[in-house]
Structure formats: C-alpha cells, structure tokens
Amino acid sequence: MTDTQDALRRALSFADDYGLQAPIILAPMPGATPVPLSVAVTSGGGMGSCGVLLMTPDQIKSWVLDMRASSNGTFQLNTWIPDPDPIRDQQHETEVRNFLGNWGPAVSETDVDVPLIDFPSQCEAMLEAGPAVISSIMGLYPPEFVARFKAKGIKWFAKATTVAEALQAERAGADVIVAQGMEAGGHKGAFNAADADKNMIGLFSLLPAVSNAVKVPVVASGGIGDPRGVAAALILGASAVEIGTGFLRSPEAKIPNAWADAIGEAEPEDTLVSRVFSGRLGRSIQTRYAMAATAQDTPKPAPYPIQRNLTKAMRDDAVKKNNLDGMQAWAGQSAKLASPISAEQIVMNLWEGAQKLL
Ligand SMILES: Cc1cc2nc3c(=O)[nH]c(=O)nc-3n(C[C@H](O)[C@H](O)[C@H](O)COP(=O)(O)O)c2cc1C
C-alpha cells in the first residue's frame, strides 16, 4: 500500500469509528464554539465541539441540549486540566494593574480574585451530558474520572505538545492523541505551564514523531487551513485533523468583526506567542497591546489565572467597542487561509480537496 492509500484508509476508518463523513474536527474554543458553529460542522460531515472552560454546569447542559435539538452529529466537550495554585505577588500585580489601566478601564484589586469555574463540577456535567468524546488540554484527567467516562463508552482525546506528553497520555488511557504543533492558534497545551515556551515543536516534526511513538490514533492540530494541509497531516501519520482558526471567520462562529478581519489579513509572521492575556502561553495576532505587553520594560504577566482576571476589563471593553487592540485575538500561523464562508462548506471543501490530493 502506498503512503497516500494508507493515509486515506486510516482517515476513513477513524471517520467511520466516530460516525463522521469527514475526518475533520472543530477545535474546542471557549467563547467561540457556539452551537450553530458545531451544527454547521456536523452538517458538513465533521465533528462538532464545545470548549467548556468558562461555562457553568448549567451552561454545559444547555449547550448539549441545544446541540442535540439541532443535530444528530458527533461532538466533543473539552476543558482544561487545572494548574497548581499560582504564587501571588501583590506588588507585581499592582504594576500589571497600572499598566493595564493604559489599555482599558482601571482594574481594581478585587477584579483579580475571581475564581475559575469549579473543575470537578464541570467534569460531572460533561459526564452527565454523555458526548461521544471528552477531550483534555494542559494535562491529564484524574484516573477516577477517566474510569467513569470510559464505563459510559465515552472516548478520551488528549492534547499533547511533545512525544513525552503523548506517551504519558496513552499510558493514562487516552483513546486518541491530539498532537498540537506550535503553529496552533490559542493556548498551547503544554502539561507544565512554566515550560510551555521551551518546547516549541512544529507540526511537521511533532506529527510523525508522535505517530511513531504511540499505538492509538493521532489527530493533527495547528496551522491546518486548506486541503493541502489536511492531506499532508494524514500522510504524516494523522487519522484526522482538528482545526480552530480556520473556522473563526465563518458567520456561525460570531466572533467580533475586528478579530475576524485581522485573521483574514494575518501572514504567518503576524502572530506571536505570549502570556499577556491569561498567564498561560498562547498564540494571537500581534496587536498593539500584545506588542506593548511583551516589550522589555513592561511588567511581566502574572501567572494563570491571575493574568486572565487582570486583563478581563480590557478584553470585555474591547469586544464592546470592536477594538482589536484590547481583544485576545487568538490566531494560528495559517490564519490567512481561513475563509468567511459557512463552516459546513469549509468542512466539505477541505475534505473533497484533500481526497483529490490523496
Ligand atoms: C480561540 C481559540 C481557543 C482555544 N481554546 C482551546 C481550549 O479551550 N481547549 C483546547 O483543547 N484547545 C483550545 N484551542 C486550541 C485548538 O484546540 C487547536 O489546537 C488550534 O486551534 C489548532 O490550531 P489552528 O488554530 O491553527 O487551527 C483554542 C484555539 C483557539 C484559536
């Protein structure tokens, strides 16, 4: 069998296992994966997705109810594995608050202490909703939770950014590894927050290495935005692809216009990785704020999730005003390949085109 025949066979078998017509998965993107986007992706034959990080258990339940009312398609629910509690430094936080006051409304001390939504209760809500797939980023689910969702027949897709993380996830029982290259838009899924910028591995290196190292299927993620990228990922060992930025300009994603327009114009060199929005490393458009906040003489970002709380007022204000400069305008290095057409059409174009190449 040739490499291309093998790639096609692998992709079709994965699609069959998950009830898909196309081996294309919408990336989970908290705040940017509304139900209509997943409905459109499933109509095109792909897998829908919801990033539940910022959702309460009731909001998770209602997303799933709405999704099931509009689509019989497969979807995944995803959340972040919590980091250890951050080490606080009041004086440094004051410096960051003062700096952020130049970019948005004044940030008060109490804004900083907003807790994250409780992880165990999000896990319970996902389990109760019973999607086909629960996925993770930034680490591994606790073994008791893995055992409970496996008992319900739910599959676990674990995001990994190195071979070592992929092997750890496979040993912990992951059914699929989502190999995330450093081209990816949004947060980098490194298990150890402090080390996230040390291993910046491109998908062309990560994918064959992870595919050779693990026995479970591998999904490719990061910088895939056209049929060539889909076909290349499958040839390099993937069974499917997970795409984020490539769906963000579709009307169903409903992100602010300034962000969608910036994605449509960004060359690969127009994005950067930084911790300036949340304290966790992520790739965004090089906005004026992102540039200023990463400058040498600017106070370094606070750890996650403190920096997320510190920047909330600026980000909310920017969304209200459609002002790109204060938004966390996440984007991968292939941003410019994203089309402003329906997500259903995006999935169909990607898969038809990739099949022709294979
Ligand atoms: C706006 C945005 C939010 C994201 N949030 C999450 C998340 O909460 N969980 C997760 O597993 N991945 C998240 N990601 C990463 C994606 O799952 C995926 O790895 C990435 O989008 C792939 O790169 P691409 O954007 O170049 O397609 C996010 C990506 C974006 C663009």
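## Terms and basis

A crossover is right-handed if, with the strands pointing away from the viewer, the path from the first strand over the helix to the second runs clockwise. Helices (H or I, at least four residues) and strands (E, at least two) are DSSP runs, numbered from the N terminus.

The model is predicted, so that local features need pLDDT of at least 70 and side-chain atom pairs count only at pLDDT 80 or more, while totals for chains, interfaces and linings use all residues. Residues are numbered from 1 along each chain as its sequence is written, and side-chain values use heavy atoms, with hydrogens and water left out.

## Strand S3 and its partners

A right-handed β-α-β unit is made by S2, helix H3 (residues 57-70) and S3. Strand S2 (residues 48-51) pairs with S3 in the parallel sense over four bridges (two strands pair if DSSP finds at least two bridges between them), and Gly48 stands opposite Phe75 in S3. S3 also runs parallel to strand S4 (residues 133-137), to which five bridges join it; here Asn78 stands opposite Ser135 in S4.

## Burial of S3

In a regular strand the side chains alternate between the two faces of the sheet. Six of the six residues of S3 (residues 75-80) are buried, that is, under 20% relative accessible area with a 1.4 Å probe, protein chains only. Phe75, Leu77 and Thr79 are buried on one side, and Gln76, Asn78 and Trp80 are buried on the other.

## The antiparallel sheet

An open sheet of three strands has the order S7-S11-S10, with antiparallel pairing. Strand S7 (186-187) and strand S10 (271-274) each have a single partner strand and stand at the edges, so one side of each is left without a neighbour in the sheet. Four bridges link S10 with strand S11 (residues 282-285) in the antiparallel sense, and Val273 has Arg283 in S11 as its bridge partner.

Technical notes:
Buried < 20%, exposed > 50% of the residue type's maximum accessible area, 1.4 Å probe, protein only.
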